[in-house]
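Please keep the sequence and the three-dimensional view at hand while reading.

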Amino acid sequence: MSAPMPRALEPIVLPDWLRAALSQPATARVAPSSRQAAALAQILNWGLPTARDEEWRWTNLRPIARLAAAEPQAKAPCSDLSVGIPDALVIRFVGGQLQALPQNLPAGLSLTPLSRAHDIDRAAAFAPSAQSRNDALLALNTACATEGVVLDIAANADIQAPVVLDWQDNNQHGNHSHTRLFIRMGAHSTATVLEATQAPENTPHWRNAVSVIEQGANSQLTHISLGLAGDQRLLTDRSFVQLGRDARYRSINIQLGGQLARREIDVNISESGAHCDLLGLMMPRGKQVMDTHTRITHGAPHTTSNEQYQIIADEAGRGIFKGRILVAEDAQKIEAYQNSRNLLLSNTAEIDTKPELEIYADDVKCSHGATIGRLDDEALYYLQSRGISRTNARKLLITGFAQEIIDALPYPELVAQMSAMMQTHMGDAP
Amino acid sequence: MSLLEIKNLHAKIGEKIILRGINLTVNAGEVHAIMGPNGSGKSTLCQVLGGRDGFEVTEGSVEFDGMNLLEMETEDRANAGLLLGFQHPVEIPGVKNIYLLKESLNAQRKARGLGELDTFAFMKQVRELVKSMQMDDAFLHRGVNAGFSGGEKKRNEILQMLLLQPKLALLDETDSGLDIDALKIVSEGINRLRGTDRGIVLVTHYQRLLSYVEPDFVHILYKGQIIKSGDKSLALQLEAEGYEDILKAAS
């Protein structure tokens, strides 16, 4: 058999519509001007990453370059996922543009459009800077972001109501958007942020998102990311999380829809006692590509992390998980666990999974495991021997596997909605 | 009409011939025990009757409740009323026991033209069964057999039988690996299944189970054939004399 064709090695030329957007006057953009200018120079110099760039070996960004320069079309918004979640505070973005912010916020929570945020907040929101072409989309976001939200949670505030970011990624305002989220959590505060991204069918739109999260001492954030409807929707989304002493960050990332979903989660655990949980479920089918790269840096002693990622790939779907864990030289007494479990349901589906552990300290408990398997024939036979049809037995096994992550979601209403959506997404394919 | 009628059944795995002409008739109301040394074909017989892939029937026929069993899919066999209790019940971590029970019962009801079951009545029935098998309610929300002890797995098999009420229960070494307490619980469960309209086939290596569940007939399987049949005294004779003497006498 011949070697597989290398993917997208040639440089990807920036499409005309993106060049046009980059040459627009900078007035409407929200990044501090010096950052904007530097980022603009970077993206013009780099172009989009290709398979030559280590962090993009498996994911081809050509679909972005091929995106047509769509005429803006008015679209009805998709259904609101927050229905049934008590007291949800919904922030809606349509085609990357902010709609009205919710009123009557609980004490300790403030929401500000990035375009009207204080200079200090804008500087913090754009703090991460691109180092190489691997980070080209971060530079692009910094150069192009026109809006976003600052979520400021005061010290000691316990915000029970979830803040829902309802990303309606339709092409009402063009074929691409760049959004930026900044979450600052004061010491001992608690909050839940739920991002749901969706678009109508046949609506090509690429959203290139960045979120920057700063957690103060002993604060606790649950950050949920749900990729829902939209067969032609493209999402690239990178989160930078900085954890203070004893802070806890919990990410639940579930991707069902979209043509492309690429998520990057960078967690910097730089003070002792801090912990992060990264949970993920990706279910690519059809020609969907779903990719998550996580990078956890244990920069202080007595810090812990726990990672569980699951991919279920069907038809010609492609799923990618790369999990990097870096333990710095002086970071002793670290516990870091990573588990990547994957189900391959068809001969044309593909799953790539790669743990990457870099450990410089010597007193560390670190473990990782990665498995890619098919549905267990023994288990199928056992279920059939109880009268369950082969089709339903397959469904039970796949559902059971997916449910391990879905059940980790807060709010029973949300678990029920996501379970139903997962069932629909799985469809009746034999 | 007999419930199960096996005639001259031959089967092989790959090129290895395992069953060499089995004849067995089970009528409603009867309990049969099939005993035999390791490698005699006991488990193969169970798997062929259960419809597992990988076995090839080369000769003979099996009629179950008037149907040609060998032409039926595994799930159709179960829904027609033939249930197989596994020697090694499979662990399925992601699927909760309660879902398995519900799906199986609904599949059976659907096959028999009945509507979906009433959740309240179902839960009540399941809880009673869980209690009768001396299991904890929490078990219902654990993965099927996931992390269960050997005894718990076998109790779970019997619990499923009691819920699904098969016409014929085929229990493959349900007694192996059980301590005496678990054996008693499992035996009581099997005895509750006994009835004039139901057949039970116990496939076992040991006589021990048969002290608790008294069979009407005992068959000795050896090298893929039933070489001797008798009443329960045959099992006792086997216990006293061992296989060798009986095999010698039979040959």
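A residue is called buried if 20 or more other C-beta atoms lie within 10 Å of its own, exposed if 12 or fewer do, and partly exposed in between. The model described here is predicted. By this criterion, the buried residues of helix 3 of chain B are Asn97(B), Tyr99(B), Leu100(B), Leu101(B), Glu103(B), Ser104(B), Leu105(B), Ala107(B) and Gln108(B).

**Helix 3 of chain B**

- Helix 3 of chain B covers residues 97-111, which makes 15 residues. The distance from its first C-alpha to its last is 21 Å, close to the 21 Å expected at 1.5 Å a residue.
- The cover over the buried residues of helix 3 of chain B comes from both chains: it includes helix 7 of chain A, together with helix 2, strand 7, helix 4, strand 8 and helix 5 (150-164) of chain B.
- After helix 3 of chain B comes Gly113(B), which has a positive phi near 75°.

**Chain A as a whole**

- Chain A contains eight helices and 19 strands. Its radius of gyration is 21 Å, close to the 22 Å that the globule rule gives for 430 residues, so chain A is as compact as a globular protein of that length.
- The C-alpha trace of chain A spans about 65 × 50 × 45 Å along its principal axes.
- Of the 430 residues of chain A, 50% count as buried.
- Among contacts in chain A between residues at least 6 apart in sequence, 84% link residues that are at least 24 apart.

**Strand 15 of chain A and its partners**

- Strand 15 of chain A runs from residue 304 to residue 313 and is mostly covered, with seven of its ten residues buried.
- Strand 13 (residues 275-282) of chain A runs parallel to strand 15 of chain A, and eight bridges join the two. Within this pairing, His275(A) has Thr304(A) as its bridge partner.
- Strand 17 (residues 334-344) of chain A also pairs with strand 15 of chain A in the parallel sense, over ten bridges. Here Thr304(A) stands opposite Glu335(A).

**Where the chains meet**

- In the contact between the chains, 18 residues of chain A meet 19 residues of chain B. Helix 6 (377-384) and helix 7 (390-406) of chain A each supply at least two residues of the side of chain A that touches chain B.
- Which helix of chain A gives the most to this side? Helix 7 of chain A does, with eight residues.
- The residues on the side of chain A that touches chain B comprise seven nonpolar, seven polar and four charged.
- Helix 6 of chain A is largely enclosed by the rest of the structure, because six of its eight residues are buried. These buried residues are Ala379(A), Leu380(A), Tyr381(A), Tyr382(A), Leu383(A) and Gln384(A). They pack against helix 7 of chain A, together with helix 2 (74-80) and strand 7 (92-96) of chain B.

- In soluble globular proteins, nonpolar side chains tend to be buried together.
- The largest nonpolar core has 112 residues, and Val164(A) and Ala402(A) have the most contacts inside it. Helix 5 (residues 136-144) of chain A gives the most to this core, with seven residues.
- A second, separate core of 73 residues includes Leu4(B), Cys46(B), Leu178(B) and Val218(B).

**A residue in strand 2 of chain B**

- Ile18(B) belongs to strand 2 (residues 16-26) of chain B. Is Ile18(B) buried or exposed? Ile18(B) counts as buried because it has 21 C-beta neighbours inside 10 Å.
- Leaving aside residues up to four places away in sequence, Ile18(B) touches Ala11(B), Lys12(B), Ile13(B), Gly41(B), Thr44(B) and Gly224(B).
- Ser104(B) is 86 residues from Ile18(B) in sequence and 31 Å from it in space, C-alpha to C-alpha.

**Positive phi angles in loops**

- Most residues other than glycine have a negative phi.
- His302(A), which is not a glycine, has a positive phi of about 55°. His302(A) is found in the loop between strand 14 (289-298) and strand 15 of chain A. His302(A) counts as partly exposed because it has 17 C-beta neighbours inside 10 Å.
- Gln134(B), also not a glycine, has a positive phi of about 55°. Gln134(B) lies in the loop between helix 4 (119-132) and strand 8 (143-144) of chain B. With 13 other C-beta atoms within 10 Å, Gln134(B) is partly exposed.

How values were computed: Residues are numbered from 1 along each chain as its sequence is written. Chains are lettered from A and ligands numbered from 1 in the order in which they are written. This is a predicted model: local features need pLDDT of at least 70, side-chain atom pairs count only at pLDDT 80 or more; totals for chains, interfaces and linings use all residues. Helices (H or I, at least four residues) and strands (E, at least two) are DSSP runs, numbered from the N terminus. Two strands pair if DSSP finds at least two bridges between them. Two residues are in contact if their C-beta atoms, placed from the backbone, lie within 7 Å. Ala, Val, Leu, Ile, Met, Phe, Trp, Tyr, Cys and Pro count as nonpolar, Asp, Glu, Lys and Arg as charged, and the others, Gly among them, as polar. A nonpolar core is a set of buried Ala, Val, Leu, Ile, Met, Phe, Trp, Tyr and Cys residues joined through C-beta atoms within 7 Å. The expected span of a helix is 1.5 Å times one less than its number of residues. The radius of gyration is taken over C-alpha atoms; the globule rule is 2.2 Å times the number of residues to the power 0.38.
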